[in-house]
Structure formats: C-alpha cells, structure tokens
Amino acid sequence: MSVFSDMLRNYIHEKDVKVGALAHYCNLERSTVYKFINGKREPMSAELVEQLAYFIKLTPLETHHLREAWKMTRMGEDAYYIRKSIDHFLCDFPNKSTPPSYDFTPSHVNLTKQLSFTQNCLLLNSRQAIDSSVHQILLSEAAKPNGQIALFLQPDYPFLLHLLSTIQPAGSLQIDHIFSLNRTAQFTDAHELYELYYLRNLFPVYMNKLDYHIHCFYTNEISHLQNLSALPYMILTSEFAITCSSDYQTGILYQDPDILQALWNLFHSHRDLCQPAFQTFPIIADDLPSLFQFVANTRASANLIINIQPEACILPFLRLDLLKDIFNYDIPGADSVIAMADALFSNNMQLINDGKFIIYFTEYGMTRFLQEGLFEEIPPTFYHPLNIEQRIRILREIAQCCHNGSYRILKKPLNHLSENLRMCLCGNTCSLTYQTNSGDHMCFAITEPFILQIFQKFLTNMDPDVYYKPEEAEQIIKHMIEQLETNK
C-alpha cells in the first residue's frame with residue numbers, strides 16, 4: 001500500500017464510485033485501476049491523476065491532496081518533503097523591508113538592579129523571562145561602539161532572530177553563531193527539512209546586513225530536546241551571559257566577570273572546531289572584478305549551470321553594442337568592467353547554445369522588465385533602463401531560447417518566486433543573490449555539502465509538471481513582445 005493508493009481507495013469508497021466506470025472513463029483496464037487501489041502500481045502521469053480526480057468529482061482541495069500523494073508515492077517520502085521544503089524556501093524568501101529604529105537607552109540598568117552585589121546569577125524560569133533578558137542584553141550590547149554577541153544555539157528561537165533582523169547597531173556589532181547540522185535528512189514536525197528551516201529563519205538577519213558569521217558542526221542528534229543536556233544553549237555579550245534549555249523555558253543570567261570569561265573561552269574553543277558553511281560578499285561598483293573572478297572560479301568545475309529567478313536571465317543577450325548603450329560610465333574603471341562583462345555574457349550565450357545553461361523564471365517576474373526595462377541580476381546603478389526597442393530585441397532572443405528548451409517558464413507552485421531571490425547552481429557552489437533592507441546587493445554562496453547536494457538534486461531533476469512546455473513558453477514570450485509593440 002502507499003499514501004496514494006490509500007487516499008484513492010478512500011475517495012472511491014466515500015464517493016461511491018464504480019471501479020469499472022472509472023476505468024472506462026480513463027481508458028484503462030479495470031485491473032489497472034485495482035492495481036492503483038492496491039498500491040501495486042501508480043498512474044503514469046499527472047494528467048491521469050487529474051482524470052481520476054475529475055471522474056470521482058473531487059473538490060479542488062481533494063484533487064490537490066491526491067496529486068501530492070501521487071508525487072510522494074512516486075518519488076519517496078523523504079525526497080518529496082525535501083522538494084516541498086525547497087519550494088517553501090524559494091517562494092517565502094524575504095523581500096527587503098524597512099526595519100524599525102530602536103532607541104538605545106541603556107537597558108542593562110534593569111538587569112543590574114535585579115542582580116545584587118553578592119548575587120552572580122539570576123534564575124529565568126519562563127520563556128517570557130528569557131525573552132525579556134535577551135531583549136535587554138542584546139539592545140544594551142548594540143548600543144556600544146564595539147559590541148560583541150556570541151550565540152550557541154540552533155536557529156529555532158524566533159524572538160531572538162526577529163530581534164537581530166530589526167536591530168540597528170549604534171556602532172560596530174560582531175555576531176558569531178555556532179549551531180549544528182544533521183548528517184542525514186531530518187524533518188521538523190511540519191515536515192520541513194531542518195537545514196532549510198534554519199536558513200529560512202536566518203535570512204532576515206542577513207537582510208539586516210549585520211556583521212554576522214555562522215560556524216557549523218555536524219551531529220547525529222535532531223535536537224537537544226532528545227537528550228538530557230540541562231542548559232545546552234548559550235547567549236553571550238561583553239557584560240552578560242545567558243544559558244538556557246533548548247525549549248527556552250528555563251535559564252540562568254550571569255554577570256560575574258570570571259564566569260563570563262569562562263563561557264567566552266568555551267565558546268571560542270567550540271568555534272575553532274567548526275567549519276564555514278556559507279560565504280557572503282557584497283556586489284559593489286568598486287569591486288566588480290572580484291565578482292567576475294568569483295563567477296569564473298565557480299564555472300571552472302561546472303558542466304551545467306542552472307539559474308532559478310523571478311525574471312528571465314537578461315545578461316546573455318547584452319551584446320557589446322547594447323552593453324555600451326546602457327552602461328553607466330560613472331562606474332570606476334568603466335571600460336575594463338565592460339570588457340569583463342562582455343566576455344562573461346558572451347560565455348553565457350555560448351553555454352546556452354551548447355545546452356549547458358538552463359534558466360527557470362516566471363511570467364509574473366518579467367513585469368518590471370516589460371514595464372521599466374529594468375532587471376535585478378545586477379544593481380540598477382550599473383546601467384540605464386532599456387528602451388522598448390531594446391526590450392523587444394531581448395525578448396525575441398528569449399523566445400528562441402524558450403523554443404530550444406534552455407529558458408523555462410515556471411508554473412505552480414513556483415510561479416510566484418520571491419522577487420528578492422536569484423539562485424545559481426554552478427559546479428560545487430550554489431549562490432543566492434538578494435537585496436538587503438538597505439538596498440545593498442549581496443551574494444550568499446553555499447558550499448556546505450549536504451545543503452548544496454539537495455539544491456543540486458532539486459535543480460537538475462526539476463519536475464516537468466512545474467514548467468511550461470517549450471512551445472507554450474515561446475508563445476508566452478511572443479505575447480509579451482506583442483504587448484510592447486502595441487505600446488510603441
């Protein structure tokens with residue numbers, strides 16, 4: 001039996017459907033439908049699942065459940081939930097926002113009043129008490145000219161992460177964060193892969209553009225909740241320390257300098273044993289050569305490059321004449337940057353022609369390019385918007401690439417990707433480019449093997465049901481061209 005067969009059998013029984021009539025409608029042998037019901041065989045296509053659902057008269061929600069059960073049965077439960085986790089990550093990636101400004105009134109006074117001269121620690125016996133203490137010590141540290149915060153905990157503490165995603169330091173604030181990764185695929189109670197759940201929780205912190213560094217180690221434990229560690233989590237600042245349980249219900253606040261120094265030493269000793277899993281760097285006009293060098297290095301080991309982003313990749317079609325027309329010559333070293341960009345973009349086109357560059361994008365994501373001639377792959381400070389004639393020129397080339405199958409337009413559930421995320425799988429690196437809340441463009445490179453592997457599997461084995469056929473995608477782009485020509 002399988003999830004799909006159980007669900008199909010229940011629906012047939014519940015709706016009082018005759019198996020013979022169902023088989024006849026779907027042009028199948030009755031024995032084939034019974035094999036579906038008994039879990040000895042699955043439907044060959046999503047279209048057949050839709051046929052079964054239509055004859056049984058399932059509601060849209062029931063049809064969705066049946067289709068998802070079929071996908072789970074076909075690819076296996078773990079693979080299905082990993083794919084769903086990636087869908088969730090891509091579609092819910094945070095867009096930039098304006099964070100609130102905190103008034104950095106020294107807040108540690110409240111804690112100092114609670115801690116007497118003879119008292120080195122304070123019991124925190126509720127989530128509210130821990131939240132309140134975390135709030136006070138982090139804001140107090142952020143008010144310092146040179147603040148330091150150390151976190152030894154899993155990225156599963158919403159209050160703390162939300163605070164870090166909105167905090168605006170008065171000076172410099174260095175944050176080091178140690179947490180563990182699983183050796184194998186493990187899932188939350190909501191069937192989300194832990195690693196992607198962590199990344200999804202952490203990206204708002206990156207969006208705030210703090211001096212934030214992650215350090216990782218591997219464990220076989222899904223969570224500290226499964227063992228008997230008393231106070232396994234730790235939050236440190238220059239003046240205070242909090243150790244707490246992994247459910248954030250019990251903790252101890254310390255201010256004694258000797259205890260604090262011992263905990264900082266412990267943190268540093270653990271950090272030295274960890275490995276870097278991610279690399280971040282800004283995309284800035286003054287250092288474009290470094291970006292081009294990063295791209296060249298990642299491509300050295302790549303047999304196939306795959307992009308997934310809201311709008312179609314425009315860069316391969318920026319021929320030298322067009323590049324010179326739209327480039328902002330106020331950029332430092334403009335001529336050399338144009339030469340490097342031309343070489344890179346020409347290489348992109350060659351890879352497309354050789355079938356080594358695949359781009360997934362959305363119809364909805366093309367809106368800004370159609371309306372304003374802007375594209376988010378590079379900051380708008382580098383170029384002037386394309387005029388309508390230039391947009392039409394680009395779209396005609398995109399239509400040809402759709403026809404050839406290298407450019408693919410996404411359908412549900414990925415037809416509304418986050419506007420702020422562009423993912424590129426290239427060799428042994430998966431890079432995400434995005435805008436921070438302050439509008440800066442950043443690149444986030446994933447080199448951690450397990451996370452890299454799941455993105456590789458997802459992108460290189462994309463389900464054909466989630467993107468349009470080449471002829472359909474070509475017609476969608478031609479319709480966009482017609483819209484622009486009408487507005488000329």
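These questions and answers walk through helices and sheets of a predicted model.

Trainee: What is the angle at which helix 1 and helix 3 pack, and how is it classed?
Mentor: The axes of helix 1 and helix 3 (residues 30–38) lie 6 Å apart, at an angle of about 115 degrees. Angles from 65 to 115 degrees fall in one class. That makes helix 1, relative to helix 3, roughly perpendicular.

Trainee: Which residues of helix 3 make the contact with helix 1, and what classes make up the contact?
Mentor: Helix 1 brings Phe 4, Ser 5, Leu 8, Arg 9 and Ile 12. By class, the contact has 5 nonpolar, 2 polar and 1 charged residues. From helix 3 come Phe 36, Ile 37 and Asn 38.

Trainee: Why does the length of helix 5 agree with its residue count?
Mentor: Helix 5 covers residues 60–75, which is 16 residues. At 1.5 Å a residue, they should span 22 Å. The end C-alpha atoms agree with that, being 23 Å apart.

Trainee: What covers the buried residues of helix 5?
Mentor: Buried here means under 20% relative accessible area. In helix 5 that holds for Glu 62, Thr 63, Leu 66, Glu 68, Ala 69, Trp 70, Lys 71 and Met 72. Their cover includes helix 1 (3–14), helix 4 (46–56) and helix 6 (77–91).

Trainee: Which residue follows helix 5, and what is its phi?
Mentor: Gly 76 comes after helix 5. Its phi is positive, near 95 degrees.

Trainee: Which residue of strand 6 stands opposite Met 234?
Mentor: Strand 5 (residues 233–236) and strand 6 (residues 241–244) run antiparallel, joined by 4 bridges. Opposite Met 234 stands Thr 243.

Trainee: Why is one side of strand 8 and of strand 11 left without a neighbour in the sheet?
Mentor: The sheet is open, with 7 strands in the order 8-14-13-12-9-10-11. Strand 8 (278–282) and strand 11 (407–409) stand at its edges.

Trainee: Which strands does helix 14 touch?
Mentor: Helix 14 (residues 334–353) packs on the sheet. Its direction makes about 95 degrees with that of strand 10. It touches strand 9 (305–308), strand 10 and strand 11.

How values were computed:
Residues are numbered from 1 along each chain as its sequence is written. This is a predicted model: local features need pLDDT of at least 70, side-chain atom pairs count only at pLDDT 80 or more; totals for chains, interfaces and linings use all residues. Side-chain values use heavy atoms; hydrogens and water are left out. Two strands pair if DSSP finds at least two bridges between them. Helices (H or I, at least four residues) and strands (E, at least two) are DSSP runs, numbered from the N terminus. The expected span of a helix is 1.5 Å times one less than its number of residues. Buried means under 20% relative accessible area, exposed over 50%, partly exposed in between (1.4 Å probe, protein chains only). Contact means heavy atoms within 4.5 Å. Axes are lines fitted to C-alpha atoms, for helices over the stretch in contact, and angles run from 0 to 180 degrees between N-to-C directions. Angles under 35 degrees count as roughly parallel, over 145 as roughly antiparallel, 65 to 115 as roughly perpendicular and the rest as oblique. Ala, Val, Leu, Ile, Met, Phe, Trp, Tyr, Cys and Pro count as nonpolar, Asp, Glu, Lys and Arg as charged, and the others, Gly among them, as polar.
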